[in-house]
Amino acid sequence: MAKKKTFLKFFPIVAIGTSAGGLEAIMELLQNLPANTGMVFIYIQHMDPGFPSQLASILSRANKMKVQAVINGLKVEPASKKYIKAGW
């Protein structure tokens, strides 16, 4: 029998915005956090929408938190990383 996931009703959401040069700082932060912080991290980076982004791949290397692009209707859950795609 599969174990059902339970989520906290309330949890902190940490939103971080940077210019394109801020990726190194966010990687250092994420690499020094435990994978299960109980928080959601939303990363917003200023980028040209026409530039192909490797952001999901790069963020996934920082730690074991799940990485997702933010889309309308996305449910946030603790211990995850989200990012805003360029031009969204």
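**View 1. N63 in its loop.** In this predicted model, N63 sits in the loop that links α2 (55–60) to β3 (66–69), where helices (H or I, at least four residues) and strands (E, at least two) are DSSP runs numbered from the N terminus. N63 counts as buried because its relative accessibility is 12%, and buried means under 20% relative accessible area, exposed over 50% and partly exposed in between (1.4 Å probe, protein chains only).

**View 2. Contacts of the N63 side chain.** The N63 side chain comes to 2.9 Å from the backbone oxygen of L30, and one of its polar atoms lies 3.1 Å from the backbone nitrogen of M65.

**View 3. The largest nonpolar core.** Eleven residues form this core, among them L30, A62 and M65; a nonpolar core is a set of buried Ala, Val, Leu, Ile, Met, Phe, Trp, Tyr and Cys residues joined through side-chain atoms within 4.5 Å. Two or more of its residues come from each of α1 (23–31), β2 (40–45) and α2, and α1 gives the largest share, four residues.

**View 4. N36 and N63.** N36 belongs to the loop between α1 and β2, and N36 is exposed because its relative accessible area is 63%. N36 and N63 are 27 residues apart in sequence, with their C-alpha atoms 9.9 Å apart in space.

**Notes on the model.** Residues are numbered from 1 along each chain as its sequence is written, and side-chain values use heavy atoms, with hydrogens and water left out. Because this is a predicted model, local features need pLDDT of at least 70 and side-chain atom pairs count only at pLDDT 80 or more, while totals for chains, interfaces and linings use all residues.

Key: Polar contact = N/O pair within 3.5 Å; in protein donor to acceptor, adjacent residues only side chain to side chain.
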